[in-house]
Amino acid sequence: MDINNWHSELEYDQWLRLPVSGPRPSARYKHAAAVVDEKLYISGGSRNGRYLSDIQVFHLRSLAWSALKLKMETDADKVEENNLQEDFPATSGHNMIKWGNKLLILGGHSKNSSDVVAVRAIDLETHQCGVIKTSGKVPVARGGQSVTLVGSRLIMFGGEDRSRHLLNDVHVLDLDTMTWDVVEATQTPPAPRFDHTAAVHAERYLLIFGGCSHSIFFNDLHILDLQTMEWSQPQIQGDLVIPRAGHAGTTIDENWYIVGGGDNKSGTPETLLFNMSKLGWSVLTSVKERDPLASEGLTVCSAFVNGEKHLVAFGGYNGRYNNEIFVMKPKRTDSTRPKIFQSPAAAAAAASVTAAYALAKSEKLEFIETDDSNFEGVRENNPVEDFSIEINAIREENKVLESSVAEVKAENSRVREKIDDINGTYAELSKELHSVQGQLVVERSRCSKLEAQIAELQKRLEMSQSIEDEVQQLRRQKSMVDRNMEMAAAQTQGSGGVWRWIAGTPNT
């Protein structure tokens, strides 16, 4: 492979392992990654139970690794001025986001972590690093969470705290003020989880996919509307995807690419594509079962190389730790209008608005383009009639819009009624489930008592069997004694008759 022209040898939608010149970083998983200016930055991770603290850089042009030597801020005045504090521990299960000329590193597990989520920054120009002071409702420290950039805000969801308590809360960090806030979302949220993935669509919808609890692996997809702050679980089309955790995801336009993951038994070999506009899954490609891409705890980023966007994957664990670099050039897809939460009535209303706007605009253009002589003639002949026609047309369009809005409101009302019915049914089923669970606890207690009684009876039965054996033995001994006594008596009688004969006692 030509190192200087490797991108020209790529086939669409197929992974390619890149040759690497020079030394490589330690193989790892649960690290964080970000791409800046054709450079892949790798932060921390875990290997053999040990957290890592190095920052490695892979150059997509030269295909070579280099270590980023950080400069810790030690000047107290400078710390106060730059809002940084000295600290950069070894971390795993964290997130790394590019913001301006800095890399922001959030959360993760470390040996000496604080009680709340820390936000660390690496200046890509000076290579200085430290902790940024934040205020507000700072979330509890955690790892395995997702962090997504939406405008100038970071949206954090879920994770696992230091006590291994699973979370499904939503927190927002305003990057302009460095202030945290907690989101009080409505409707049914995703189950508490960690090692999931998240993406944002149209700067409005936060998508959550997969992850796991301590016993369950998920393949569900949930959407949070960041304007209404409502959770939903829409109907999904396309291929059926298997549950997974520890997978990686990145977006290019309306497509969300999911790579790797697993269920602690085996890795998932397929690379998935989720069209966020059509809400449909499809399998893009698959690798062998033990391929490094079928790993948990890997990362995938999008990189702009030679005028085209590429996927860049690194690391992971599938029975062995990996430090390979893989790239893919995905095919470009045609964009379609968003489908998320778009009802038929809403679509009709949007179409009516478009038509009204087009009609008003065309009439306005025609009116302006009419020359002065024609305009004078129209004005002299019937100046009021032309305006009345336009006004009537606008009124008709307004009626259509009002009717469409009424339909949308009616549909929303019906949907809310269905949701209320479903919530009511869910509440009843929950009560029944709790009742059944209570009965099950009682039955288990009764079973335990019966098992104890059975064990006691078995012991008594064993004891009675032993006593019966002893009685049988005593009976046999008594029978032998009786026989011996009878024999002794018979012998005694025979001996008395002989002595009487010797003594000369006559027989009577």
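Strand E14 (residues 146-150) pairs with E15 over five bridges, in the antiparallel sense. Keep in mind that this is a predicted model.

**Exercise 1.** Follow E15 to strand E16 and describe the pairing.

*Solution.* Begin at Ile155 again: Val172 in E16 stands opposite Ile155. E16 (residues 166-174) runs antiparallel to E15, with seven bridges. The two form a hairpin with four residues between them, and Arg164 in the turn has a positive phi of about 65°. As for cover, eight of the nine residues of E15 (residues 153-161) are buried.

**Exercise 2.** Decide whether the ring pair Phe58 and Trp65 is stacked, edge-to-face or tilted.

*Solution.* Two numbers describe a pair of aromatic rings: the distance of the centres and the angle of the planes. The whole structure has nine aromatic pairs. For Phe58 and Trp65, the centres are 5.1 Å apart and the planes meet at 55°, so this pair is tilted. Stacked would need under 30 degrees, and edge-to-face over 60. Both Phe58 and Trp65 are buried.

**Exercise 3.** Find what lies over the rings of Phe218 and Tyr12.

*Solution.* Take Phe218: Arg193 lies over its face, 4.1 Å from the ring centre. Then Tyr12: the charged end of Lys329 sits over its ring, at 4.7 Å from the centre.

How values were computed: Residues are numbered from 1 along each chain as its sequence is written. This is a predicted model: local features need pLDDT of at least 70, side-chain atom pairs count only at pLDDT 80 or more; totals for chains, interfaces and linings use all residues. Side-chain values use heavy atoms; hydrogens and water are left out. Rings of Phe, Tyr and Trp (its six-membered ring) pair if their centres lie within 6.5 Å; planes under 30 degrees apart count as stacked, over 60 as edge-to-face and the rest as tilted. Buried means under 20% relative accessible area, exposed over 50%, partly exposed in between (1.4 Å probe, protein chains only). A charge sits over a ring if NZ of Lys or CZ of Arg is within 6 Å of the ring centre and within 35 degrees of the ring normal. Two strands pair if DSSP finds at least two bridges between them.
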